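Here is a report on one structure.

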Amino acid sequence: MTPETSYFTTGLATDEADLLAAQRLRYRVFVEELGGDGPLVDHVNRFERDEFDPVVDHLVLVDHRRSREALDHVVGVYRLLPGDRAEAFGRFYCDSEYDLAPLRASGRSLLELGRSCVDPAYRGGSGMFLMWNALADYVLARGIEILFGVASFHGTDVEALAQPLSWLHHHHLAPEAIRPRARPDGYRRMDLITPQELDRRAAMAGMPALIKAYLRLGGMVGEGAWLDRAFNTTDVFLMVDTQAMSAKHRKFYEARQGQ
C-alpha cells in the first residue's frame, strides 16, 4: 500500500453520511461542474438525487483525511443496479434513453453502472484504480456477465463530437443481437464521418477518460447517441461482456477471483 492509498477505503455506502456525501459529490460534479439538473436535485443543500437512489448500491471511495461531518469524505462514487433489483423496481436508469430489449432477451446476468464521478482533485490518481478493484470484487461476487451504462460527453452539440462518436460507431459497435438502440425522442446518429475520414488522434483527444477505460476493457457501444438536455450531455450506451474482455483484463479479474 502506497502512502497515498493508505488514506483511502472503498466499499458500499452503509449509512446516511456516506449516501449524503455521495450525493453532495454528484452535485459538485454533475450540477456545478457540468451544468446538469433534475426534478429531485436539492439546490439549497447541494445534493444531486433521483428516484433510483433508494434501490441502488453506492460504491464509494473515501478519503479519511477529509471531514465526514462536513460530508466531504466521499471523493469517488459508482452507482450499481443489479438486474434482479431493476426487475423488481420496474426499470433500469438507461431504459429512459435506450431500448434494452436485446439485453433483457439475452438471458445474461446484468449490472447497470451509473452516476460515476470523481472529485476533480483525485482524477488521474490511484483512486479510480481502487474503485475498479472494488467493482471487480462486486462483479465476481454476483456472477455478473454484462456491465452497462451510459457515459457522457459534455454538451449537446453532436457535430462538435463527430470524431469520437464516429470512431465509437465504426470501431466499437456491439453485435446486433445484444445492441440497444437510442430512443427516438433523443436519438442522434453517430456515424457522422466515414471510416476513411476518421482521425484517430482527434477522436481519442475528444474521448472522455471513462469511455477510454471501458474501451480498454473491450467495451462496445449501442446504436445512436442520446441527448440528455437536463444534464447538458450527449450520452452513449457502453457495455462490457466480462466473458469476452481482453486477455490482459481477464487475468486481472481471475486474479481477483483467486484471492
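## Salt bridges across loops

Arg 68 is partly exposed, at 35% relative accessibility. Here buried means under 20% relative accessible area, exposed means over 50%, and partly exposed lies in between, with a 1.4 Å probe and protein chains only. Asp 15 is also partly exposed, with a relative accessible area of 32%. Arg 68 and Asp 15 form a salt bridge, and their closest N and O atoms are 2.2 Å apart. The term salt bridge covers a side-chain nitrogen of Lys or Arg within 4 Å of a carboxyl oxygen of Asp or Glu. Arg 68 sits in the loop between strand 2 (57-63) and strand 3 (74-82), and Asp 15 in the loop between strand 1 (8-12) and helix 1 (16-33), so the pair ties together parts 53 residues apart in sequence. Helices (H or I, at least four residues) and strands (E, at least two) are DSSP runs, numbered from the N terminus.

The model is predicted: local features need pLDDT of at least 70, side-chain atom pairs count only at pLDDT 80 or more, and totals for chains, interfaces and linings use all residues. Residues are numbered from 1 along each chain as its sequence is written, and side-chain values use heavy atoms, with hydrogens and water left out.

## Buried pairs and a network

The structure holds 24 salt bridges. Another of them joins Asp 53 and Arg 26, at 2.9 Å from N to O. Asp 53 lies in the loop between helix 1 and strand 2, and Arg 26 lies in helix 1, so this pair ties together parts that are 27 residues apart in sequence. Asp 53 is buried at 7% relative accessibility. Arg 26 is buried at 0%.

Arg 66 forms a salt bridge with Asp 119, with 3.5 Å between the closest N and O atoms. Arg 66 is in the loop between strand 2 and strand 3, and Asp 119 is in the loop between strand 5 (110-118) and helix 4 (127-142), so the parts tied together are 53 residues apart in sequence. Asp 119 is buried, with a relative accessible area of 7%. Salt bridges that share partners also join Arg 26, Glu 48, Asp 50, Asp 53, Arg 79 and Arg 115 into one network.

## Cysteines

How many disulfides does a search of the whole structure find? It finds zero. A disulfide would need a pair of cysteine sulfur atoms within 2.5 Å. The sulfur of Cys 94 has its closest cysteine sulfur in Cys 117, 16 Å away, too far for a bond. Cys 94 is buried, with a relative accessible area of 1%. Cys 117 is buried as well, with a value of 4%.

## Helix 1

Helix 1 has 18 residues, and 13 of them are buried, so the helix is largely enclosed by the rest of the structure. At 1.5 Å a residue, helix 1 should span 26 Å, and its end C-alpha atoms are 24 Å apart, which agrees. The expected span is 1.5 Å times one less than the number of residues.

Helix 1 has a kink of about 25 degrees, centred on Tyr 27. The bend at a residue is the angle between axes fitted to the seven residues ending there and the seven starting there. Gly 35 follows helix 1, and its phi is positive, near 80 degrees.

## Pocket and cavity

The largest pocket holds about 1,300 Å³ of space. Its lining has 46 residues, of which Tyr 78, Ser 116, Met 128, Ala 209 and Leu 210 lie nearest its centre. Elements giving two or more residues to this lining include helix 1, strand 3, strand 5, helix 4 and helix 7 (209-216). On a 1 Å grid over the protein atoms alone, a cavity is a set of points where a 1.4 Å probe fits but cannot get out; a pocket is an open set with protein on both sides within 12 Å along at least five of seven lines; lining residues have an atom within 4 Å of a point. Grid points are joined across faces, edges and corners, and a volume is the space filled by probe spheres set on the points.

By this rule there is one cavity of 30 Å³ or more. About 50 Å³ of space lies in the largest cavity. Its lining consists of Val 56, Arg 79, Leu 80, Leu 81, Tyr 93, Glu 112, Leu 113 and Gly 114. Strand 3 and strand 5 each supply at least two residues of that lining.
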